[in-house]
Structure formats: structure tokens, C-alpha cells
Amino acid sequence: MIRVALLGATGSIGGAALDLARRYPDRIRLVSLAARSNDAALVRAAKEFRVERIALVDAAAAARARAAWTGGAVLDGEDSLRHLAEDPGVDVVVNAVVGSVGLSPTVAALEARKRVALANKESVVLAGELLAAIAKRTGGAILPVDSEHSGLFQCLEGRGSKDVARVTLTASGGPFLRRDARTIADATPEEVLRHPTWSMGERITVDSATLLNKGFEVIEARWLFGLASERLSVLVHPQSVIHALVEFVDGSVVAQLSAPDMRLPLLYALSYPERWESDLPRLKLGDIATLSFEEPEPARSPGLALARQALTLAGTAPAVLNAADEEAIRLFLDRKIRFGDLMPLVGEVLAMHRPSGPLSLEAIADADRWARARLHEAATHWIRR
Ligand code: NAD
Ligand code: MG
């Protein structure tokens with residue numbers, strides 16, 4: 001029985017984790033749950049799984065939860081995520097919160113020598129190098145939940161980077177793969193949020209339309225697998241059946257395939273090194289018939305170039321990219337800027353940034369704040385234009 005803290009329990013990945021806990025009652029014990037502000041959903045899950053404690057970052061939501069649920073402790077505030085992550089009664093932390101707030105619980109869990117089933121890719125984008133060092137020092141481990149990285153992890157089977165010629169991450173291409181390129185800039189939030197193959201939270205869905213999500217995944221692969229950026233490539237594969245491919249130095253290529261269902265990579269991050277039998281939807285290649293691939297078109301994937309730029313700048317640049325993007329997406333969803341303004345605006349902030357000094361958690365937090373403020377300054381000029 002693994003004892004699990006689930007952070008981001010009310011989200012899309014959080015829902016997948018609850019589903020797995022329902023399917024494997026003899027293997028998965030949910031000890032604690034956390035979310036930002038959806039107290040009704042969190043209390044419902046707390047009752048169903050009889051957890052020991054819950055956390056709501058929003059204090060008013062936590063107060064409502066205390067009135068509605070007396071089965072255990074209710075924590076509040078941003079530190080509450082960290083407290084759940086370092087709880088000695090927990091073996092595995094499923095980090096499924098969205099955004100840079102996910103970094104501190106990832107650090108806390110690794111410091112406490114735990115396994116982190118990591119969906120929160122922002123943790124690795126911001127601090128991949130630091131996380132690898134912490135894990136090495138403490139014996140904690142990150143098991144990827146992002147489907148491409150779970151695929152890579154399965155293809156590599158522990159092989160080091162010296163055996164690898166290059167790896168390819170696949171991208172669905174997002175909702176605008178076939179749309180007339182001249183009209184993409186004016187896409188509405190509703191159009192952007194209609195993803196063809198995955199049903200996900202708002203932030204990652206918007207990032208899938210700019211392909212910045214894939215760019216973040218390149219950065220994520222850089223640090224999770226110690227592969228230099230020249231060896232990381234991206235291929236558009238609209239069926240989302242192959243998640244990752246590894247070309248070894250001898251020319252042999254190993255790929256990982258599965259039905260596009262986030263419960264599978266999450267299951268593997270929990271069961272590893274075992275595989276648990278499942279009745280999740282199986283891949284029926286005969287029904288799919290065709291798997292197709294194409295190189296990403298630069299005009300449809302501005303986020304890829306930005307992420308590569310941030311990787312080259314290194315240090316706090318990926319943190320700046322992430323924070324500026326989080327803020328810009330808010331403005332876009334609030335209809336303050338156009339879809340076509342998103343990446344140029346984020347790029348403007350990235351171009352202003354001068355990474356300096358050694359990377360540290362403080363430097364990352366400073367860069368995050370700096371980027372959010374700069375983004376809003378830059379946006380006021382854009383909004384006026
Ligand atoms: P979501 O928006 O559906 O859910 C986000 C969760 O995080 C919610 O439970 C919310 O309460 C919580 N949260 C948001 N802001 C918070 C804050 N300030 N403090 C504490 N909790 C907060 O997002 P999602 O699609 O489930 O994605 C979660 C993470 O998983 C992201 O990092 C995303 O990139 C990654 N991911 C998601 C998918 C997917 O299919 N959804 C696939 C790969 C990776
Ligand atoms: Mg992914």
C-alpha cells in the first residue's frame with residue numbers, strides 16, 4: 001500500500017489520480033488532498049477517500065471546508081502544500097497543481113526523500129538543475145507524469161545519455177494545426193480551449209495552442225534525462241498515440257505508444273518499478289489505421305522557439321518564460337489581449353531578462369516576480385496599441 005498526498009486534487013490530473021485511487025483501493029491510500037479554492041470538490045473527495053488532512057490555499061475556502069468536514073485537519077495558505085508534501089506519513093507526492101506554486105512542494109518532497117509523481121512540469125522548467133541535485137543528495141526521486149516524459153522514461157529503461165543519439169517528443173499540434181495561419185492570431189479563448197485530443201486544465205490547453213507546452217517539455221526532458229538541447233526534437237503527431245521516441249547511438253529507435261489517457265502515465269509513476277494490471281482503455285491500432293508525422297511549422301509553434309531561447313539563456317530564463325506566460329494567458333482568457341499577442345508579449349519580457357549569478361530558489365522566486373510585473377507593464381503598451 002502506498003500512502004499518497006495528492007496536490008491539485010480538483011484539477012484534470014487530480015481527477016485522474018482520484019480515479020486510480022478508486023480502481024486500486026488495495027494499493028493506493030490517499031492520505032491528504034490539496035487544491036486552491038474549490039472547497040466543495042475537495043471536501044467531497046476527502047469524504048469519499050476518508051483522508052487524514054486537506055489543504056486549501058485560499059483561506060475563505062478553507063474556512064468553509066472546516067465547517068463542512070470534520071474528518072481531519074484543514075490547512076490553509078500557500079505553505080500548506082509544502083506541509084502536506086513533507087509529511088512523514090506519506091510515501092508518494094502526486095504533484096498536479098498548475099503553475100510555479102508547484103515548485104516548493106516538489107522541493108519539500110525531494111528533501112524528505114520521497115517519490116514525486118510529477119505532473120507539475122513547471123517545477124522542472126523552473127528548477128530542473130536544482131531538483132536533480134536535491135534528488136541525488138537525498139535519494140528522493142521524480143517520476144514523470146507528463147505523457148511524453150513517461151514515454152521517454154519507459155523507452156530509456158534507465159539507460160544513460162551516452163547511449164542516446166536523440167529523443168523525439170511528439171506534439172498533437174494543438175487546435176490550429178490545419179487552420180489558415182492568417183486567422184490564428186484572432187482565435188478566441190473558446191477556440192483555443194477546444195483541444196482536439198486531450199481534455200486538460202486551461203493553462204496547459206492554451207500552451208498547447210502556442211506549442212509553448214511542447215517547449216516546456218523540451219526543457220523538462222533536458223533536466224529529467226540529462227540530455228543536451230541539440231538532442232531533443234519535436235515532431236507533430238496529431239493522433240497522440242506515440243508519446244516519445246528514443247533513437248539510440250546504433251540507429252535503433254524505441255517508441256512508447258498508448259491510448260491518449262493521462263491515467264496511464266500516472267499509474268506508471270505510482271506502480272514503478274512494477275506494472276499493475278489495469279482495465280483502462282487499450283490501444284487499438286487497427287481502428288486508428290494511420291499514424292502521421294510532420295515537422296512543426298515555425299509560424300504555428302512560436303512557443304517552441306521561445307523555450308529553446310530560454311534554455312540557451314539558462315539560469316532564471318525558463319522561470320521568466322513561465323511566469324510571463326502564466327500572466328499573459330490570464331490576460332488572453334480575460335480578453336485583454338489577442339491570441340496572436342501572447343508569444344510576442346512573453347518574448348518581449350524574456351528578451352529584457354538578464355540571468356545573473358548562480359541559480360538558487362531565491363533567484364527563481366525573484367525572477368518569477370520580476371517577470372510578472374514586466375509582463376503587465378509591457379501589456380499596457382500592447383493593450384493601448
Ligand atoms: P487544472 O487547472 O485542471 O488543475 C490545477 C489544480 O491545481 C487544481 O486542483 C487547482 O486547485 C490547483 N491549483 C491551481 N492554482 C493553485 C495554487 N495557486 N495553489 C494551489 N493549488 C493550485 O490543471 P491540470 O491540467 O490538471 O494540470 C496540472 C499540472 O499537470 C500542470 O502543471 C500541467 O502542465 C500538468 N499536466 C497536465 C496534463 C493534463 O492532461 N491535464 C498533462 C501533462 C501535464
Ligand atoms: Mg505532455
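Which residues come nearest to ligand 1 among the 23 around it? They are T10, S12, I13, E122 and G201, where a residue is near a molecule if one of its heavy atoms lies within 4 Å of it. The structure is a predicted model, in which local features need pLDDT of at least 70 and side-chain atom pairs count only at pLDDT 80 or more, while totals for chains, interfaces and linings use all residues. Residues are numbered from 1 along each chain as its sequence is written, chains are lettered from A and ligands numbered from 1 in the order in which they are written, and side-chain values use heavy atoms, with hydrogens and water left out.

The side chain of E122 has an N or O atom 2.7 Å from an oxygen atom of ligand 1. A backbone N or O atom of I13 lies 2.9 Å from an oxygen atom of the ligand, and a polar backbone atom of R36 is 2.9 Å from an oxygen atom of ligand 1. On its own, ligand 1 has 830 Å² of accessible area, of which the protein covers 89%; accessible areas come from the Shrake-Rupley method with a 1.4 Å probe, and for residues only the protein chains shown count as cover. Two or more residues of the shell around ligand 1 are given by each of the elements α1 (12-23) and α6 (121-138). Helices (H or I, at least four residues) and strands (E, at least two) are DSSP runs numbered from the N terminus.

The magnesium ion (ligand 2) is coordinated at 2.1 to 2.2 Å by D146 (OD), E148 (OE) and E217 (OE). Donors are N, O and S atoms within 2.8 Å of the metal (3.2 Å for Na, K and Ca), and the site may look incomplete because water is not among the atoms. Along the chain, the donors follow the spacing D-x1-E-x68-E. D146 and E148 are both buried, a term for under 20% relative accessible area, with exposed over 50% and partly exposed in between (1.4 Å probe, protein chains only).

E148 also forms a salt bridge with K214, the closest N and O atoms being 2.8 Å apart. A salt bridge is a side-chain nitrogen of Lys or Arg within 4 Å of a carboxyl oxygen of Asp or Glu. This pair links distant parts of the chain, with K214 in helix α10 (residues 212-225) and E148 in helix α7 (residues 147-156), 66 residues apart. K214 counts as buried because its relative accessibility is 5%, and E148 counts as buried because its value is 7%.

The structure holds 40 salt bridges. In one of them, the side chains of R22 and E48 meet at 2.6 Å, N to O. R22 lies in helix α1 and E48 in helix α2 (residues 39-49), so that the pair links distant parts of the chain, 26 residues apart. R22 counts as partly exposed because its relative accessibility is 45%, and E48 counts as partly exposed at 43%. Another salt bridge joins D180 and R182, with the closest N and O atoms 2.7 Å apart. D180 is partly exposed at 34% relative accessibility, whereas R182 is exposed, with a relative accessible area of 71%. Salt bridges that share partners join E122, R203, D207, D325, E326, E327, D368 and R372 into one network.

Definitions and conventions:
Polar contact = N/O pair within 3.5 Å; in protein donor to acceptor, adjacent residues only side chain to side chain.
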